[in-house]
Amino acid sequence: MEVSFVGYESQTVAVGERKVIAVQLKPKADELEEVTIVAFGKQKKESVVASVTTINPAELKVPSSNLTTALAGNMAGVIAYQRSGEPGKDNADFFVRGITTFGTNTSPLILIDGIELTSTDLARLQPDDIASFSIMKDATATALYGARGANGVILVTTKQGAAGPAKISLRVENSLSMPTRNVELADPITYMQLHNEAVLTREPLARLPYSDDKIRYTAEGKYPLYYPQTDWMDMLLKNYTMNQRANLSVSGGADIAKYYVAASFAKDNGILKVDKRQNFNNNIDNKSYTLRANVNINLTKTTELAVRLSGSFDDYSGPLTGGTDMYNLIMHTNPVLFPAYFPVTEDSKFINHIMFGNHPDGYTNPYAEMVRGYKDWSRSQLLAQLEAKQDMNFLTEGLSVRAMLNISRLAQFSVNRFYIPTYYAIGSFDKMTGEYSLKRLNENGTEYLDYGENPGDRMINSTFYFEGMLNYARDFAEKHSVSGLLVFMARNELYANAGTLQLSLPSRNLGLSGRLTYGYDKRYYTELNFGYNGSERFHPDHRFGFFPSGGIAWNLSNETFWEPLKPVVSNLKLRYSYGLVGNDQIGAATDRFFYLSEVSMNDPAKSRTFGREKGESLNGVTVNRYANPDISWEVAVKQNFALELGLWEKLSIIAEYFIEYRKNILMARASIPSTMGLSEVMKANVGEASGHGVDISLEYQQNWTTEFWTSARANFTYASSRYEVYEEPQYQEYWRLHEGKKLSQEYGYIAERLFIDDKEAANSPPQEIGNEPYGGGDIKYTDVSGDKKVNTADVVPIGNPLVPEIVYGFGFSTGYKGWDVSVFFQGAANESFWIDAASTAPFQSHTQLLKAYADSHWSEADQDEYALWPRLSNKLVSNNVARSTWFMRDGAFLRLKQAEIGYTIPGKWQQKLRIGQLRCYLSGTNLWLLSKFKLWDVEMAGNGLGYPIQKVFNIGLNVTFN
């Protein structure tokens, strides 16, 4: 018999013949007093001074194989967005409290069970395996990770076993996935008519690309091979696809040993169609496997040994160029130039290959590109971790030591298997009978698969990590709480196939960190932290950085004078922190050692030929980098002001205001004159930036009856940053300077409207943008400088930043008896993006015509000066594709991110079926979107012609066996 109760350790006792059994449960201190995971440990929630956001891992369970897609709007302090829905390449971009540097590295440090890993490793992590998920935001929370903590820290711990009989949990899901919104294209007839217009409106005497006969016969559809109208999107893409996921875990153990073992599988398919005439699958097929085993062994009453083994394995198969490139091909292929392929006739019945259509001038056939082969990509991440904890109470109460060793291996590679398509075009055609003959356009086509490797996808990585910690925590006289820790860490990382001597050398970091906390009577708290970290990237004089921080907190609700208010204001706490955090990930990955010059002694680009007959040749010498021993750490100075408020013991509010100033940002020197004769740009720590913002979270819990409950949550994050020091030319036009402007700010021209006609264009200030002529129907820009011409002097900051400054989310859950329903909305604001005018310009290299452009463009017949697209052209007009406010769009949106309804069978049925729990549910993701922008999913921003974000409908089953 197992006896358990919330806040106490479960016990298993033998019943035997006994009728009365007395069991005394031991309290679990960690559960009786709510704890928060912090750097290198945990603290009681009421004593936390640092800014840490935690989330229930259940909130991250979305019908997706990518955990990062669940971050946006779920946690206060995180700015996140997703630009692509392609399986295997759908990672969301995320930042802790926005971006406060214009250096190379803007990503937060990701730690899973204390080990630094990548966003891909985080994406593959299963929510079922997560015990805690925390975001470390201020200096007090991140200073202990000094070398990497400037951009915030994401700290994840995985589950461990609990004493008791084996508990088996199984979750299986099947999803139907489809684009949230597809790009609408004009029909082929409109495409030809407007292509002719594009030529005539620019060159009235030019030859038209399409004759009246071609347009008429194409519209009639009488001879579809000679007059094709190919819907490339319909031909290559499906309306939806199916995906599957499964997770199995087993946990249990006894006092001596506890275990948690889990395995998961996910299969995500693309929406590309598979040609049944091929003997291979050219659609996207992304399989992910994860394995995890966490074992905790009590060697003695005071000694614990933990072994953690985990592996993540990805197997991707898909088109040679990827799903996004296939979308681009579809959008940039003429729909009436040639058919996708020619059918087999009596004359061609002995041909063994597909007769792909093409044009004698030679173009890309997207159908041939999709089916001509496939790419296999594989990635394996293995981690082995050994941790030992020793209670040192025999020396002094509250003292313990811990040592952790982790070894990881990462390997990935890809191979291509392909054949060369054979292309055909109609050689002769009889309009009376419809008979035709084909001519072969290329003689190098093959009927067998060839093989090729991709060196860029090849990676082998080895990482060694050691961590040793001395920890002390003790309470005195029931009012004084003291804790302290010292942590030593060493990390060594090595890459194979690095390409250069410098890159082949190991990357190493050393660090010594410490924390000291003091709390008095659960009312007053203070905390001091430091990180003393070393990086091999810098000169010995600057190799180590010291990053201190401190914070204080006052829990007013525990004051005596607050007692009368406690029924209403159950918790009120004020927090403040200040400190420095470092970042050594500056510059490009190839800039390993800034204090060393890099010289190529054998550069073919600098070769010279000499000799009487000029028969001798030697390569030259090139300086790729000049040594700068003064380059050092990028340093972030952070402040945090926080208010924690609890009302009626049901509503919890945390509001924080943060300030950050980033110094020593690496940037290229703009003040060094070219007359110095340097062959490479010098870099130095001269940049500075600042940031500020707020993040707010609310949680509400209400149990109306024993069978009816409600909960709600909301969060809001605002993070803005700007340049403070930016070395650049001293422009006469002050608006061109970066200082004082927001980071990720775009610059461009102010578009007033379209020129009404050629006469207005000729009488307006000349626009010196490119060399192509412009006139009526082209974009008219503002002469900001007032010099009677429009050029680079008139480029100004336009729009909001490319990265949203506001991300928010809100939702509720409710349950009655076995039923439960939850809904969650997510949104973003203060973000701008630009339609890629050059990429979407119709007819350029046979680019398709967007229906929106066909419906709204300037023409001789309709001189709409505010039309969506300017005057049509069959050539790219630089004036119209320059970055400007004309194609600037508001990136704000609100979407129904998640909705779920589930049913858990009653306990009596669970007993009959001998299971612990059985729940079935229906859920969906990205179900509804509210936005001013309608051409494609607004969250994709300017990447609208890429693989679309997916809408998902999901059915799942969760069953537990005790």
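**Figure 1. Lining of the second largest cavity in the predicted model.** Strand S9 (115-117), helix H2 (119-124), strand S15 (285-298), strand S16 (303-318) and strand S19 (373-391) each contribute at least two residues to the lining of the second largest cavity. Helices (H or I, at least four residues) and strands (E, at least two) are DSSP runs, numbered from the N terminus. The largest share, five residues, is supplied by S16. The second largest cavity holds about 230 Å³ of space. Its lining comprises 21 residues, and Leu117, Leu125, Arg292, Ser310 and Leu383 are the closest to its centre. Seven of the lining residues are nonpolar, eight polar and six charged. In this classification Ala, Val, Leu, Ile, Met, Phe, Trp, Tyr, Cys and Pro count as nonpolar, Asp, Glu, Lys and Arg as charged, and the others, Gly among them, as polar. A cavity is a set of points, on a 1 Å grid over the protein atoms alone, where a 1.4 Å probe fits but cannot get out; lining residues have an atom within 4 Å of a point. Grid points are joined across faces, edges and corners, and a volume is the space filled by probe spheres set on the points. This is a predicted model, in which local features need pLDDT of at least 70 and side-chain atom pairs count only at pLDDT 80 or more, whereas totals for chains, interfaces and linings use all residues. Residues are numbered from 1 along each chain as its sequence is written, and side-chain values use heavy atoms, with hydrogens and water left out.

**Figure 2. Lining of the largest cavity.** The structure holds 10 cavities of 30 Å³ or more, and the largest has a volume of about 300 Å³. Of its 23 lining residues, Ser64, Asp90, Ser177, Gln950 and Val952 lie nearest the centre. Two or more lining residues come from each of strand S13 (241-253), strand S14 (257-269), strand S45 (917-930) and strand S46 (950-961). S13 gives the largest share, three residues. The lining has six nonpolar, 13 polar and four charged residues.

**Figure 3. Nonpolar patch on the surface.** The patch is formed by Leu470, Leu486, Phe488, Leu510, Leu512, Tyr532, Phe544 and Phe546, with about 720 Å² of accessible area together. Patches are made of residues with over 30% relative accessible area and no salt bridge, with like charges joined within 9 Å and nonpolar side chains (Val, Leu, Ile, Met, Phe, Trp, Tyr) within 5 Å. Accessible areas come from the Shrake-Rupley method with a 1.4 Å probe; for residues, only the protein chains shown count as cover. At least two patch residues are supplied by each of strand S25 (480-495), strand S26 (507-520) and strand S28 (544-555). Phe544, placed in strand S28, is partly exposed at 41% relative accessibility. Buried means under 20% relative accessible area, exposed over 50%, and partly exposed in between (1.4 Å probe, protein chains only).

**Figure 4. Salt bridge between Arg883 and Glu746.** The closest N and O atoms of Arg883 and Glu746 are 2.3 Å apart. Arg883 lies in the loop between H13 and strand S43 (888-890) and Glu746 in strand S36, so the pair ties together parts 137 residues apart in sequence. Arg883 is partly exposed, at 35% relative accessible area, whereas Glu746 is buried, at 18%. A salt bridge is a side-chain nitrogen of Lys or Arg within 4 Å of a carboxyl oxygen of Asp or Glu.

Terms used
On a 1 Å grid over the protein atoms alone, a cavity is a set of points where a 1.4 Å probe fits but cannot get out, and a pocket is an open set with protein on both sides within 12 Å along at least five of seven lines; lining residues have an atom within 4 Å of a point.
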